[in-house]
Amino acid sequence: MSHEHNEHSWHSMTPSGQGTVMLNIGNGIGALIINTPGRMHGREIEVSPVDDPARRTHAAVRARYVWGGVCYSVVLDSLPEGRYTVWDNPVTPLGEVDVPSGGVADFTWPVAATVA
């Protein structure tokens, strides 16, 4: 789900559809789910290790259809365990989150951050 910057990458903003999301997690590797308001659909969100802010990973907010409705989120997997910065924009950090080894961390985008 995470994408490195390259000239051949592109994003489909189509909904994820019903089904499961496969995550690459395991010993020393985790995943991060960032839940957002619906108005952020299509926006790219970047994260980086706290101690290496230049090493960014990004993915787009997508609609995810779940039983009873829809939610909007970014799913980033294959992240080395550790503490990550979630970036509001290229120069402004929004918050930090710990990605566990073999597990999934959850971060909720503050509603106030989408008003500006």
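Strands S4 (residues 62-66) and S5 run antiparallel and are joined by five bridges; two strands are taken as paired if DSSP finds at least two bridges between them. The model is a predicted one, in which local features need pLDDT of at least 70 and side-chain atom pairs count only at pLDDT 80 or more, while totals for chains, interfaces and linings use all residues. Residues are numbered from 1 along each chain as its sequence is written, and side-chain values use heavy atoms, with hydrogens and water left out.

The protein chain as a whole has zero helices and eight strands. Helices (H or I, at least four residues) and strands (E, at least two) are DSSP runs, numbered from the N terminus. Of the 116 residues of the chain, 35% count as buried, where buried means under 20% relative accessible area, exposed over 50% and partly exposed in between (1.4 Å probe, protein chains only). The accessible surface comes to about 6700 Å², of which 56% belongs to carbon and sulfur atoms; the areas come from the Shrake-Rupley method with a 1.4 Å probe, and for residues only the protein chains shown count as cover. Among contacts (heavy atoms within 4.5 Å) with a separation of 6 or more, 60% are made by residues 24 or more positions apart.

An open sheet is formed by four strands in the order S3-S2-S6-S7, with antiparallel pairing. Strand S3 (57-60) and strand S7 (92-99) each have a single partner strand and stand at the edges, so one side of each lacks a neighbour in the sheet. From one strand to the next, the twist averages 30°; axes are lines fitted to C-alpha atoms, for helices over the stretch in contact, and angles run from 0 to 180 degrees between N-to-C directions. Four bridges link S2 and S3, and Glu-46 stands opposite His-58 in S3. Strand S2 (residues 44-49) also pairs with strand S6 (residues 82-89) over four bridges, with Val-47 opposite Val-86 in S6. In a regular strand the side chains alternate between the two faces of the sheet. In S3, Thr-57 and Ala-59 point one way and His-58 and Ala-60 the other way, and all are buried.

With residues up to four places away in sequence not counted, the contacts of Val-86 include Ile-34, Ile-45, Phe-107 and Trp-109.

Thr-36 lies in strand S1 and counts as buried because its relative accessibility is 11%. Thr-36 and Trp-109 are 73 residues apart along the chain, yet their C-alpha atoms are separated by 5.1 Å. Residues up to four places away aside, Thr-36 touches Ile-45, Val-61, Tyr-72, Ser-73 and Trp-109.
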